[in-house]
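Here's a quick briefing on salt bridges, for anyone who wants to click through the charged pairs. Have the viewer open and follow along.

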Amino acid sequence: MRLRTSTPRRVAIAGLALATAAALTACSSDEEDPRGGEPTSETQNSETVAQSAPQAPVEELVLSEGEAPGGGVVQVVDRQLLQEAVDKLVADQGRQLMEDPACDKVSRLETVSNHATTDGVTAAVRYKQSEEDETEHRFGIGMVGERLDEFMDRSLYEACTTSRSVANPNVELNMTVTDAPAIDGTEGFRVTSDFITTRPDGTRALSRAIAIHGFARDTTVSVEYAARGDDPAADPVLPTAAGALDAIYVAQMEKILNAE
């Protein structure tokens with residue numbers, strides 16, 4: 001990775017690991033703010049996932065300062081800062097969000113973010129693009145010490161391909177599912193949610209939210225990144241950011257596997 005660490009400072013926004021859930025539920029608003037290999041079997045290495053849960057609490061399992069690949073700055077987000085975002089997430093999960101039934105089901109699933117203010121943990125990992133470019137890349141890690149069955153059901157996400165928002169037909173969701181980095185003793189998959197917004201002048205913008213869902217040792221994990229662009233045909237995620245996302249996921253899952 002070419003990303004370099006930025007100077008540690010207070011996290012400017014709360015709930016980085018709410019990015020994907022926020023992107024899905026943002027379609028319920030008229031505002032333009034969707035924050036934000038071939039699929040194989042439903043799980044990876046599921047035979048070896050059945051290991052004893054770590055003795056350490058979930059707060060000690062998340063990556064800490066000095067453990068992020070490439071020297072990323074890590075900060076656990078205070079639960080109180082997440083309360084408003086979680087309250088909105090829960091409220092939106094109670095009503096129809098997407099026109100397509102399969103996509104609507106996915107948009108209202110229980111996620112790790114539902115647990116962000118109670119028994120879960122949320123952390124932010126930050127990098128700057130280079131020594132010359134202060135642009136900050138922010139990644140989110142969400143974790144809860146139990147298995148969220150529907151969140152880890154790959155087939156539910158594969159059933160959703162495209163849909164428009166119920167509240168805002170100018171927002172269209174395109175969803176794809178691919179494999180997560182393979183790690184023995186884990187299962188996981190990657191969900192890419194592209195929200196294409198058509199503006200009043202006819203131009204279109206893309207908001208891409210990527211979440212890697214992982215499970216190991218009775219711990220459910222989501223590692224997330226979001227980016228925006230003005231050309232829906234172009235990937236707004238820089239290769240360095242894509243590489244960092246995978247590296248963070250691998251480091252996080254390996255920490256869980258190796259925990260006492």
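**Salt bridges at a glance**

Asp149 is exposed, with a relative accessibility of 52%. Its salt-bridge partner is Arg147, and the closest N and O atoms sit 3.1 Å apart. Keep in mind that this is a predicted model.

**The Asp149 pair, other end**
- Arg147 comes out as partly exposed, at 28% relative accessible area.

- Glu136 and Arg126 form a salt bridge, with 3.3 Å between the closest N and O atoms.
- Because Glu136 belongs to strand β3 (residues 136-144) and Arg126 to strand β2 (residues 120-128), this pair ties together parts that are ten residues apart in sequence.
- Glu136 is partly exposed at 21% relative accessibility, while Arg126 is buried at 2% relative accessible area.

**Inside a helix**
- Arg154 and Glu158 meet through their side chains in a salt bridge, 3.0 Å from N to O.
- Both residues are in helix α5 (residues 154-158), four residues apart, so about one turn of the helix lies between them.
- Arg154 is buried, with 0% relative accessible area; Glu158 is partly exposed at 33% relative accessibility.

Terms used. Residues numbered from 1 in each chain as written. Predicted model: local features only at pLDDT ≥ 70, side-chain atom pairs only at ≥ 80, totals over all residues. Heavy atoms only, no water. Salt bridge = Lys/Arg side-chain N within 4 Å of Asp/Glu carboxyl O. Helix = DSSP H or I, 4+ residues; strand = E, 2+ residues; numbered from the N terminus. Buried < 20%, exposed > 50% of the residue type's maximum accessible area, 1.4 Å probe, protein only.
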